[in-house]
Amino acid sequence: MLIEHLSRQLRERDAQALRRRRRVLDSPCGPHALILDGAARRPLLAFCSNDYLGLAADERLQAALAQGARRWGVGSGASHLVCGHSRAHEDLEQVLADWLAACLPGATALAFGSGYMANVALLAALGDAQATLFTDKLNHASLIDGAQLARAEVRRYPHGRLDRLAAELEACATPIKLVVTDGVFSMDGDLAALPEILALAERHDAWVVLDDAHGLGVLGAQGRGSLAHFGLASERVILMGTLGKAVGVAGAFVCAHPVVIDGLVQAARPYIYTTAAPPSLAHATTCSIALVRGAEGDARRARLCARIEQLRTGLAAIVAERPRLGWRLPESRTPTSRWSSATTRPRCGCRSGWRRAACGSRRSARPPCRRAARACASR
Ligand SMILES: Cc1ncc(COP(=O)(O)O)c(C=O)c1O
């Protein structure tokens, strides 16, 4: 029965061209990818990774990972609260808090195995029965899932509609209010209106849970992210940042008021009941952050901005050449853009952001319909 049930669901997905498939990459993360196609290796251009600064395959970080493995071994052996929390994790948390201190004064950091885990942990732990969560409808899936696990009341407001958020805050009677938003929205690449959101939070004594997965490393001075982009600093922000996107390694962290962080250590089940990430990863991540926040990061961010403009110019030319296809030029000026078509149905190859490496062929010019296209500094 189970197999029949699942097979029916798979057939339905096939019929709607919505079946998810994995592609096997036979090359390191980078713009020029080799994809296994049976026995052959197909060269493709990747417009779908989050390696915005081109650090994921950096040789210095490979060396740092190897050095970390020699110093700390391979596995952490236990959860952070048992005996898996090494000096490499501790150093990483201090470096993160120091990097972000200009935007999050007095905050401390807590490292997680992934952004998904961090968001679920955060909302489930902070969103208790005393709280209300106000979440933008286009927030990332991990925030939606975290809100579902929370015992708090959840109010979802239409994307970017701060008038609706303000009305919900006004009407809210719970003592704890958490406004939950992506900094850079992960499919469209638009920015949350953080100055206005923070002003509302101040007015209503609310806190802001900010998922800056796509802003960190990319935006603002030293790549400090969306808050720095707007020149904001606040003790009211509980920031979740990922380390597998612009930082090029893996994992995530929450950076917030020390009492919030200690509260998570006590109550966040996805933090407590899981084996700590390998310390060698923490060590490599610390090395990567030194690059991201320094002069090299500035140069990579400048190159990324140039690539974003190049992508926009190229897309604009295609949109102008083929108006009948109904493609719309993305608004976004971040590395993530939605390039959507009013007329074209999503197609598998096209949806996932891969292009044939043979530029200039008719096929290579096809855009991803409905999905995000991403620019990368090394493209
Ligand atoms: C906005 C946002 N938040 C969280 C995550 C999850 O991060 P991770 O990949 O580290 O689990 C993602 C991943 O794509 C994301 O786009």
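Biologist: How many residues of domain 1 are in contact with how many residues of domain 2?

Modeller: Two residues are in contact if their C-beta atoms, placed from the backbone, lie within 7 Å. Here 16 residues of domain 1 are in contact with 17 residues of domain 2. Helix 13 (295-321) and strand 10 (336-338) each supply at least two residues of the domain 1 side, and helix 13 gives the most, with 4 residues. Helices (H or I, at least four residues) and strands (E, at least two) are DSSP runs, numbered from the N terminus. This is a predicted model, in which local features need pLDDT of at least 70 and side-chain atom pairs count only at pLDDT 80 or more, while totals for chains, interfaces and linings use all residues. Residues are numbered from 1 along each chain as its sequence is written.

Biologist: Which residues come nearest to the ligand?

Modeller: A residue is near a molecule if its C-beta atom, placed from the backbone, lies within 6 Å of it. The ligand has 14 residues around it, of which Ser114, Gly115, His140, Ser186 and Ala213 come nearest. Helix 5 (residues 115-126) gives the most to this shell, with 3 residues.

Biologist: What is the make-up of the shell around the ligand by class?

Modeller: Ala, Val, Leu, Ile, Met, Phe, Trp, Tyr, Cys and Pro count as nonpolar, Asp, Glu, Lys and Arg as charged, and the others, Gly among them, as polar. The shell has 3 nonpolar, 9 polar and 2 charged residues.

Biologist: What span does helix 2 reach from its first C-alpha to its last?

Modeller: The expected span of a helix is 1.5 Å times one less than its number of residues. Helix 2 (residues 59-72) has 14 residues and reaches 20 Å, close to the expected 20 Å. Glycine 73, with a positive phi near 85°, follows helix 2.
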